[in-house]
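Work through the following exercises with the sequence and the model at hand, and compare each solution with your own reading.

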Amino acid sequence: HSGDANGDGTRDPIEDEFIELVSRASEPVDLSGWLLSDNHSIRFVFPAGATLLPGRALLVFGGGDASLMRDFEAETGAAAYVAGGLGLNNDGDRVQLLRPDGALEDEAAFGVEGGKDRSLVREVEGDPDAPLILHPGAYTFTPGTKSDGTLF
């Protein structure tokens with residue numbers, strides 16, 4: 001289905017929202033207890049054992065039935081989690097990755113471009129300091145892979 005980012009067979013404006021974390025570390029990062037938040041509240045707490053592997057992506061979808069979703073790990077090497085709604089604001093928002101003690105690890109802010117029905121990606125793939133831009137090319141989103149659909 002067009003727009004069905006989580007691959008569960010249904011296009012949903014809340015459930016198909018996703019945040020993709022990409023590791024540049026040389027060692028696995030244990031994300032147990034880490035948090036994703038936005039301007040409003042904490043949106044997701046990573047469960048025990050959640051690990052971001054070197055050179056891989058990790059996905060958090062706004063919702064969906066995990067048993068019906070694509071097997072992102074088998075297809076792309078990206079672990080996928082389901083939040084109870086990410087609540088990303090189409091008029092702009094700030095997404096923060098927080099350590100279990102609340103310390104800020106990383107953040108990304110966006111404006112009205114968030115409401116253009118395309119993912120926002122880093123202008124330079126994998127560069128956490130590069131600005132966010134609308135997903136380039138023919139694809140509107142590529143969860144778990146680079147913008148061109150190739151593996152990280």
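**Exercise 1.** How many aromatic pairs does the count come to?

*Solution.* The model is predicted, so local features need pLDDT of at least 70 and side-chain atom pairs count only at pLDDT 80 or more, while totals for chains, interfaces and linings use all residues. Residues are numbered from 1 along each chain as its sequence is written, and side-chain values use heavy atoms, with hydrogens and water left out. Rings of Phe, Tyr and Trp (its six-membered ring) pair if their centres lie within 6.5 Å, and planes under 30 degrees apart count as stacked, over 60 as edge-to-face and the rest as tilted. By this rule there are 5 aromatic pairs. In the pair of Phe44 and Tyr81, the ring centres are 6.1 Å apart and the planes stand at 50°, so the pair is tilted. Because Phe44 lies in strand β4 (residues 42–45) and Tyr81 in strand β7 (residues 79–82), the pair ties together parts that are 37 residues apart in sequence; strands are DSSP runs (E, at least two residues), numbered from the N terminus.

**Exercise 2.** Determine whether Phe44 and Tyr81 are buried or exposed.

*Solution.* Buried means under 20% relative accessible area, exposed over 50%, and partly exposed in between (1.4 Å probe, protein chains only). Phe44 has a relative accessible area of 10% and is buried; Tyr81, with 19%, is buried.

**Exercise 3.** Which residues does Asn6 touch, not counting residues up to four places away in sequence?

*Solution.* Asn6, found in the segment before β1 (18–22), is buried with a relative accessible area of 0%. With contact meaning heavy atoms within 4.5 Å, Asn6 touches Glu15, Asp16, Phe61, Gly63, Gly64, Met69, Arg70 and Phe72, leaving aside residues up to four places away in sequence.

Key:
Helix = DSSP H or I, 4+ residues; strand = E, 2+ residues; numbered from the N terminus.
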